[in-house]
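Keep the sequence and the 3D view side by side as you read.

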Amino acid sequence: MSMSAFRRSAQRLSTVDWSAPVFKGDHELSAMVAGFRAWTAQADTMSQKYSAPPAPIDFAVAKKSVRDVALVDALEKMYTSSSPAAETYDWSADDQTKKAELIEEAKAGLAFTQEMIEDTEKEIAFLRVNRTTRDVSTNDMKEVYPDIAEEVETEIENREWFKDTLNK
């Protein structure tokens, strides 16, 4: 992952409200979120630690403290002559398409979840307005729940007195 991509994803993660109720409702989800947050914190720590090149090795101090000076000389010679190529990770096109598909599925799931949240909020508002109390009459209940009223009337007409209460 390039540094700019890492910074972009870190900026996106910093805008997430980790204290939102959606992350606390399910124990399994909250454990996964906690693990992910720990992983991102560890990644941040490592990126800060390894952002600068390492300090040069002081071979003079090593020569004073190690008995085999020839070994330290050989290591110093190898260190100064070696210049390994930087390792880069190439994200395969196949893996990119798989991840893009997963992201699209998640977006579709998010849209469905948002729709469900809106419907649920409407239902909760409806239930709060039409709360059943001792003052609610049967006619009020019929107006609020016409489908149940129709079913009850049908059962009365068909003389199905105990249809919903007795096992058949």
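Glu153 has a relative accessibility of 33% and so counts as partly exposed, the class between buried (under 20% relative accessible area) and exposed (over 50%), with a 1.4 Å probe and protein chains only. Glu153 and Lys142 form a salt bridge whose closest N and O atoms are 3.2 Å apart; the term asks for a side-chain nitrogen of Lys or Arg within 4 Å of a carboxyl oxygen of Asp or Glu. This pair links distant parts of the chain, with Glu153 in helix α7 and Lys142 in helix α6 (residues 138-144), 11 residues apart.

A word on the ground rules: this is a predicted model, in which local features need pLDDT of at least 70 and side-chain atom pairs count only at pLDDT 80 or more, while totals for chains, interfaces and linings use all residues. Residues are numbered from 1 along each chain as its sequence is written, and side-chain values use heavy atoms, leaving out hydrogens and water.

## The overall picture

The protein has seven helices and zero strands. Helices (H or I, at least four residues) and strands (E, at least two) are DSSP runs, numbered from the N terminus. Of its 168 residues, 5% count as buried. The accessible surface comes to about 15,200 Å², and carbon and sulfur atoms hold 58% of that; areas come from the Shrake-Rupley method with a 1.4 Å probe, and for residues only the protein chains shown count as cover.

Contacts (heavy atoms within 4.5 Å) give another view of the chain. Among those between residues at least 6 apart in sequence, 10% join residues at least 24 apart.

An α-helix has 3.6 residues a turn, so residues three or four places apart point the same way.

Val33, Thr40 and Ala43 are buried in α2.

Phe36 and Trp39 both lie in this helix (residues 27-49), three residues apart. Their rings form a stacked aromatic pair, 5.9 Å centre to centre with 25 degrees between the planes. Rings of Phe, Tyr and Trp (its six-membered ring) pair if their centres lie within 6.5 Å; planes under 30 degrees apart count as stacked, over 60 as edge-to-face and the rest as tilted. Phe36 is partly exposed at 33%, whereas Trp39 is exposed at 53%.

## A nonpolar patch

Ile148, Val152, Ile156, Trp161 and Phe162 make a nonpolar surface patch of about 520 Å². Patches are made of residues with over 30% relative accessible area and no salt bridge: like charges are joined within 9 Å, nonpolar side chains (Val, Leu, Ile, Met, Phe, Trp, Tyr) within 5 Å. Phe162 lies in the segment after α7 (146-157) and is exposed, at 54%.
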